[in-house]
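This briefing covers a few local features of one protein chain. Please look over the sequence and the structure before reading the points.

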Amino acid sequence: MNDMSPEEKKTSKLGKWSRRGFIGAGVLAGGGLLIGIGVRPGNPIGALGPKVAAGAGEQLVNSWVKIDTDNIVTAIVPHCEMGQGAHSVLAQMLADELDAAWDNVRVMQAPADGSYVVSDTARMFAAPFTLNAADWLEPTWDGLFTKLGQSMDLLITGGSSSIRTTGQHQMRIAGAAARQMLVGAAADAWGVPAAEIATRDSMLVHEASGNSAPYSEFASAAAEQSMDHTPTLKTRDQYRLMGRSKARTDIPAKINGTAEFGIDAVPDGLELSYAAVVRPPVPGTSVISMDASRAEGMSGVLQILNMGNFVAVVADSYWQAQQAINTVGIEWSQSESPVKTMDDQFAVFSSALDAAGDTGGDQAAARGDAPGALANAATSIDAEYRAPYLAHAPMEPLNCTAHVADGKCDIWTSTQVPLMARSEVASTVGIGADDITIHHPYLGGAFGRRLGSEYVAMAARVAQATGYPIKMIWSREEDTQKALYRCADMSRMRAGLDESGALIAYDSVFTQRHDPAEACVPAMYDIANTSVRVAEAELHLPFQAWRSVDHSQQGFFIESFIDEAAAAAGADPLEYRLSMLTNAPRHTAVLEKVAEISNWREPSAEGTAKGVAIVESFGTIVAEVIEVDMTSGKPKMTNCWAVCDAGYVMNPDGFRNQIEGGIVFGLTAAMYGELELEDGAIVQSNFHDYRMLRMNEVPNIEVALINSGDVPVGGAGEPGLPPAAPALANAIFAASGTRLRELPIAKQFV
């Protein structure tokens, strides 16, 4: 590996909490979080038991493990389940260390009251995501962990973090510790050495005496045992469940319709009314006046509320509320933003890049003398790339059910950040966090959108204003046009090649740097002279982390430009990349494998071609080759091959599913994803004009996995996305000679 790293940021957007602050504090607020171990000091089952093990015959062995009299093992999981399969894999990791029978393992969502705060979110800030970026250690993670340093509300699902942090450092430890406690209890009862007791399939066995018993028989006694916070964990040759494609625990309920999502909330004993809302069409504006005369006379309408920064109609049903609010005439204040169209937004970006010039802006990473090497290069190339705003578009619309009464508040909602949502509600309605209960069901998709909590606070405000429980649902149009977004960006890139075509100088300057900090750095490549700079420019639309965050833009920028360098050198683009990976054996292996499975080195059929890209993100290296057919004059994707090295894959089938989903998500954005502006407002409104890939447009996808060895486990939910757009654009260039530097692609082939 080379040693180029993003320069340390001078300030953190996380409430001034830095890596050094985390390490220096050691123990953090909120339930006694101890950095470095996965299970809290002591064994706080007395406090936790009534919350998670109140049923007859249920025994909490430690914070994360419950066993009942039927010998059912339940993993208490702190992360949300939004279709990524994290619940199952976390339980799989715990069950393996516990030697539990998988068929008798269940999953329970941890309560969102602060008692299951996840310390391993902080762990991410004390170690790099990637081996290439060794000191990016004060990332901003604006959106993913915005309030981390301020509130320590660390019950978060995001950043492809669940398996590689909580799974590795909490669930495995909890399972191994519980197994030791069960063994200790049995050893005491049987009067035999603990070392002679074997565990398998949720059973304790002492061969010499013939004693055996299910875990349930010793669950209560085990809870009285002292708990080892650093138990010996299994080595890979000892895994029975980890590394295997076990069935997901959430699938049966999702098939038979019993799974409950936020939008399904029907709280016992409450008669719900329904709210539809309208927010300002242009960010930063508010309600001046409204004419609700038509809505007031419509059937089922109960209340019409001017909340200042939004309008709400409450009715007997959502349909009645939505139909009524569609008739409300609202006058909004004027926006002070000069951005009225996307041309205006890109002009703002262009001005910032012009001001930065060849050497200005904030230095993100540097090595050697890039300006000098560029000046003396035998060949120079430059390019400007653009990426548009994108919506998250989860299938479950944003929604929240809220009841505010007697100084307390109950919330039912799909959220990635339940404790942050609780804090936002507390500050909005003036009720203490301890008097707010977050009920936390399944999420019908998120992709980062549900890291924001403004919709939860809106519902609480409406419930407080009406005085009765309400279910607020955003229409698809509301979520498309007035939400939070993946930011647009622009990048200018320059490269210098020597007489042999080798890339000796690389310079990039761009306008948006959010998370993770190392996304903008081509650290895996051996380029002697490199400069990466940020020329910050204001965004017209509010930002929210979008699947793979900055890697979604930077993957396109960097890997498209590396392809341009290969073309300028007259080199094969895959071989050109390999020539710059002499110090990156894992990346080399991934590229070689994708070349093999895609038959890269074999000639393509007439009118077709392949493109390649490789991106490391969230600890996982992914190379993708996409094949396109250009015989019709428009790109038709026929095949996609992906090779992934995540260090070790805990559930191969689930991992492949996530990579496939990331590829489809990335190709959808590459082909169609775009939000346009008119008078400062978003034009697109629903899936008819914010298009998704159709099944007949999705290429055949083949995913191969590499378990490279003793390296940190990588993520799965996001790393499949970043290589998709550049691999597709590079394939189009290979087939047609047309170099695409702007997304989306489809509109360039109308």
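Two residues are in contact when heavy atoms lie within 4.5 Å. The model shown is predicted.

**Nonpolar cores**
- The largest nonpolar core has 117 residues, and Val65, Leu98, Tyr116, Leu204, Ile411 and Met472 touch the most other members.
- Helix H6 (residues 162-190) supplies the largest share of this core, 11 residues.
- Leaving aside neighbours within four places in sequence, Leu98 is in contact with Val65, Val73, Gly175, Ala178, Arg179, Leu182 and Tyr215.
- A second, separate core of 80 residues includes Val521, Val534, Tyr576 and Ile597.

**Helix H18**
- H18 covers residues 585-597 and spans 18 Å from its first C-alpha to its last, close to the 18 Å expected.
- Its buried residues are Arg586, His587, Val590, Leu591, Val594, Ala595 and Ile597.
- These buried residues pack against helix H17 and against strands E24, E25, E26 and E29.
- H18 is followed by Asn599, which has a positive phi near 55 degrees.

**Positive phi in two loops**
- Asp406 has a phi near 55 degrees and sits in the loop between strands E17 and E18.
- Asp406 counts as exposed because its relative accessibility is 80%, and exposed means over 50%.
- Phe618, in the loop between E24 and E25, has a positive phi of about 55 degrees.
- Phe618 is buried, with a relative accessible area of 0%.

**Cis peptide bonds**
- The bond from Asp515 to Pro516 is cis, with omega near -20 degrees; Pro516 is in the loop between strands E22 and E23.
- Leu743 and Pro744 are also joined by a cis bond, with omega about 5 degrees, and Pro744 is in the segment after helix H20.

Definitions and conventions: Residues are numbered from 1 along each chain as its sequence is written. This is a predicted model: local features need pLDDT of at least 70, side-chain atom pairs count only at pLDDT 80 or more; totals for chains, interfaces and linings use all residues. Side-chain values use heavy atoms; hydrogens and water are left out. Helices (H or I, at least four residues) and strands (E, at least two) are DSSP runs, numbered from the N terminus. The expected span of a helix is 1.5 Å times one less than its number of residues. Buried means under 20% relative accessible area, exposed over 50%, partly exposed in between (1.4 Å probe, protein chains only). A nonpolar core is a set of buried Ala, Val, Leu, Ile, Met, Phe, Trp, Tyr and Cys residues joined through side-chain atoms within 4.5 Å.
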